[in-house]
Amino acid sequence: MKKSMFFLFGLITALYSCSSDDSDPQPNPDPDPQANTVQLAANATFGNILTDADGMSLYFFSRDSKGASACNSDQCKAAWPIFYTNNLTLDDGLLASDFGVITRADGEKQNTYKGWPLYYFANDAAAGDTNGDKVGNNWYIAKPDYSLMYVEAQLVGKDADGNGVNFKSDYTPGDELTFYIVNGNTGRTLYTFKNDTKDNNNFTAADFSNDAVWPVFHVDIDKLPSILDASDFGTIDVFGRKQLTYKGWPLYYFGQDVARGDNFGINFPAAGVWPIANTDTPGAPEN
């Protein structure tokens, strides 16, 4: 889909921008036949970003934590038009194996990158515009190399019989969307442990015999979504292995999170023992 448009808009205060009925991107009447349909463009603010053949920026939506599009209302689709091409050609530095296609709830197809559906922003008027980044803390410029991602999703634990139970951000039962940090490549949920202290892992055994339950997590921090501050992250040594920390809290996976977007660890063994991590997480207490 090619896109060239201009929209006047006021203050963006909600999850998505409101846009007029004529906000669907219009085909470029004279596309460059030599341009790849997905390009890797250098941006002064964000570094390398993903764009279409005309240089229009592409975006990720934090609510797409499970790999399906959560942008299904008419208002959302007008403000964030989907990106789809059936002729995928890529700039050097991009791998075809990182791209996929989903069929949305509305029956339309949409391209994905590393499991994240791709969108335009209706209020980007020209190639190189990145006005959609951080809108509602839900939308982020599509980059090929995020170390971590920020999602907003329902927390779902399990009861004693293995049935799903919804939890709110305070770990009481109920329905509520909660922000939290996940692995950028896999979308896998990251957790903290309430008994840890600043830069101290108080869970993992020296022989890693319990690591399968709560595996230690580490990734070299490189590119982050704009809501996250690189200075909040650090690395500790855990019996010879590296572990990433956030605000002093060691970060873990949950062994029973199997599918993309699972967050079953939030009530194992009890609600709030293994909280998710987000920008509201307080600093870990001193040892």
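**Aromatic rings**

Colleague: Is Trp 80 buried or exposed?

Modeller: Trp 80 is buried, at a relative accessible area of 0%. Buried is under 20%, exposed over 50% and partly exposed in between, with a 1.4 Å probe and protein chains only.

Colleague: What should I know about the model itself?

Modeller: It is a predicted model, in which local features need pLDDT of at least 70 and side-chain atom pairs pLDDT 80 or more, while totals for chains, interfaces and linings use all residues. Residues are numbered from 1 along each chain as its sequence is written, and side-chain values use heavy atoms, with hydrogens and water left out.

Colleague: How many aromatic pairs are there?

Modeller: The count is 26 aromatic pairs. Trp 80 and Trp 139 are stacked, because their ring centres are 3.8 Å apart and their planes are at 0°. Trp 80 is in the loop between helix H1 (74-79) and S4, and Trp 139 is in strand S7 (residues 139-141), so this pair ties together parts 59 residues apart in sequence. Rings of Phe, Tyr and Trp (its six-membered ring) pair with centres within 6.5 Å; planes under 30 degrees apart are stacked, over 60 edge-to-face, the rest tilted.

Colleague: And how covered is Trp 139?

Modeller: Trp 139 is buried too, with a relative accessible area of 0%. Elsewhere, the Phe 193 and Phe 203 rings are edge-to-face, because their centres are 5.8 Å apart and their planes stand at 75°. Both Phe 193 and Phe 203 lie in the loop between S10 and S11, 10 residues apart. Phe 193 is buried at 8% relative accessible area.

Colleague: Which residues make up the ring cluster?

Modeller: Ring pairs join Tyr 191, Phe 193, Phe 203, Trp 214, Tyr 252, Phe 254, Phe 268 and Trp 274 into a cluster.

Colleague: Which charged side chains sit over rings?

Modeller: Lys 158 is over the face of Phe 264, 4.4 Å from the ring centre. Arg 260 is over the face of Trp 116, at 4.8 Å from the ring centre. The rule wants NZ of Lys or CZ of Arg within 6 Å of the ring centre and within 35 degrees of the ring normal.

Colleague: Now the strands. How many does the protein chain have?

Modeller: The protein chain has 13 strands and one helix. Those are DSSP runs numbered from the N terminus: helices are H or I with at least four residues, strands E with at least two.

Colleague: What does S8 pair with?

Modeller: Strand S8 (residues 148-158) pairs antiparallel with strand S9 (residues 164-167) over four bridges, and antiparallel with S10 over seven bridges. Pairing takes at least two DSSP bridges. Val 156 has Asn 166 in S9 as its bridge partner, Leu 155 stands opposite Phe 167 in S9, and Ala 153 is bridged to Thr 178 in S10.

Colleague: In what order do S4, S5 and S6 lie?

Modeller: They form an open antiparallel sheet in the order S4-S5-S6. Strand S4 (99-103) and strand S6 (116-117) each have a single partner strand, so one side of each lacks a neighbour in the sheet. S4 is joined to strand S5 (residues 109-113) by five bridges, with Ile 102 opposite Gln 110 in S5.

Colleague: Totals, then. How much of the protein chain is buried?

Modeller: Of its 287 residues, 49% count as buried. Among contacts with a separation of 6 or more, 70% are between residues 24 or more positions apart. The accessible surface is about 12900 Å², 48% of it from carbon and sulfur atoms, by the Shrake-Rupley method with a 1.4 Å probe.

Technical notes:
Contact means heavy atoms within 4.5 Å.
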